[in-house]
Amino acid sequence: MNPTIHPVFRPVALPALDSPKWLSTPIAFALGVKSALSSILALVLFGTFIGVGAFAHDTGFTLGWALASTVLVWAGPAQIILISTSHAGATLLESALAVTISAIRLLPMVVSVLPMLRTPQTKMRQLALPAHLVAVTVWVESFRLLPLVPRERRIAFLNGLGFGLVFLSSVATLIGYWLAASLPPLLAAGILALTPLTFLLSTARNAHRLVDKLALALGLALYPLVQLLQTGVDIMICGLTAGTIAYGVHRIRRRA
């Protein structure tokens, strides 16, 4: 077991890097699915998409489109934007533009994960599905688990990880849609709020280097101040500022 990973957050014991099990692509995919379904983040994701399903029901979204949004959009906040803009009477183009702008936040995550998957023999088309599957949950779990997977099997493993989480989210969307009539609005809102809190704690857990810890601490400290400016892009400003300062400190320390 990797000593840097606390066993509480690693319920699935992956085979050693030199294990014969990694010679099989289907087994690597299955291990990814198993890791997804046993992840502690899967519980929060399940609750989140129950809230998404309930919200879709309350706004008149059909069950088919609610499930399609989970599979194709695969991002809770973007799905809320899609459902709410459609409910408000926005055109298809306007809704698509709003979802696209929201999805830009995932681009740095995709850019950071894909190099971990590539080998000299990897073709660009093989990265299309992993790129779609990299949402916040997959991004967090990738940095935790991919180092434990042989590089030539990481694409299959991540595809299994993403498939497991999407399947779980689809089931939760279906359950939330059926429970919408009895789920109090305050509870649905509370379930959605669990997601950013859990991702914050997961990011803190994965921050091992000083530059990571400094960026996280500065972002949390700056947010109350930046929010007073009422820019509408508070998180982006905090992230860019804190990340730049942390990177600058990291470079200075390396030169010293």
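**Burial, aromatic pairs and a helix crossing**

Reply: Trp-22 counts as buried, because its relative accessibility is 3% and burial requires under 20%. The model is a predicted one.

Me: What makes Phe-157 count as buried or exposed?

Reply: The relative accessible area of Phe-157 is 1%. The cut-off for burial is under 20%, so Phe-157 is buried.

Me: Why is the pair of Trp-22 and Phe-157 called edge-to-face?

Reply: The ring centres of Trp-22 and Phe-157 are 6.3 Å apart, and pairing requires centres within 6.5 Å. Their planes stand at 65 degrees; since angles over 60 count as edge-to-face, the pair receives that name. It is one of four aromatic pairs in the structure.

Me: Which parts does the pair of Trp-22 and Phe-157 tie together?

Reply: Trp-22 belongs to the segment before α1 (25-38), whereas Phe-157 belongs to helix α9, so the pair links parts 135 residues apart in sequence.

Me: What makes the pair of Phe-49 and Trp-74 stacked or edge-to-face?

Reply: The centres of the Phe-49 and Trp-74 rings lie 6.0 Å apart, and the planes are at 25 degrees. Planes under 30 degrees apart count as stacked, so this pair is stacked. Phe-49 lies in helix α2 and Trp-74 in the loop between α3 and α4, so parts 25 residues apart in sequence are tied together.

Me: How do you know whether Trp-74 is buried or exposed?

Reply: Trp-74 has 3% relative accessibility, and the limit for burial is under 20%; Trp-74 therefore counts as buried. Phe-49 is likewise buried. Trp-74, in the loop between α3 (63-72) and α4 (76-87), also has a positive phi of about 55 degrees although it is not a glycine.

Me: Why is α2 called oblique to α9?

Reply: The axes of α2 (residues 40-58) and α9 (residues 154-179) come within 7 Å and cross at roughly 40 degrees. Roughly parallel would require under 35 degrees, and roughly perpendicular 65 to 115; α2 is therefore oblique to α9. The crossing of α2 past α9 is right-handed.

Me: Which residues make the contact of α2 with α9, and what is its make-up by class?

Reply: On α2 the contributors include Leu-45, Phe-46, Phe-49 and Ile-50, and on α9 they include Leu-165, Leu-168, Val-171 and Ile-175. By class, the contact has 13 nonpolar, five polar and no charged residues.

Methods:
Residues numbered from 1 in each chain as written. Predicted model: local features only at pLDDT ≥ 70, side-chain atom pairs only at ≥ 80, totals over all residues. Heavy atoms only, no water. Axes fitted to C-alpha atoms, helices over the stretch in contact; angles between N-to-C directions. Helix = DSSP H or I, 4+ residues; strand = E, 2+ residues; numbered from the N terminus. Parallel < 35°, antiparallel > 145°, perpendicular 65-115°, else oblique. Left-handed = near helix turned anticlockwise from the far one by under 90°. Contact = heavy atoms within 4.5 Å. Nonpolar A, V, L, I, M, F, W, Y, C, P; charged D, E, K, R; others polar. Buried < 20%, exposed > 50% of the residue type's maximum accessible area, 1.4 Å probe, protein only.
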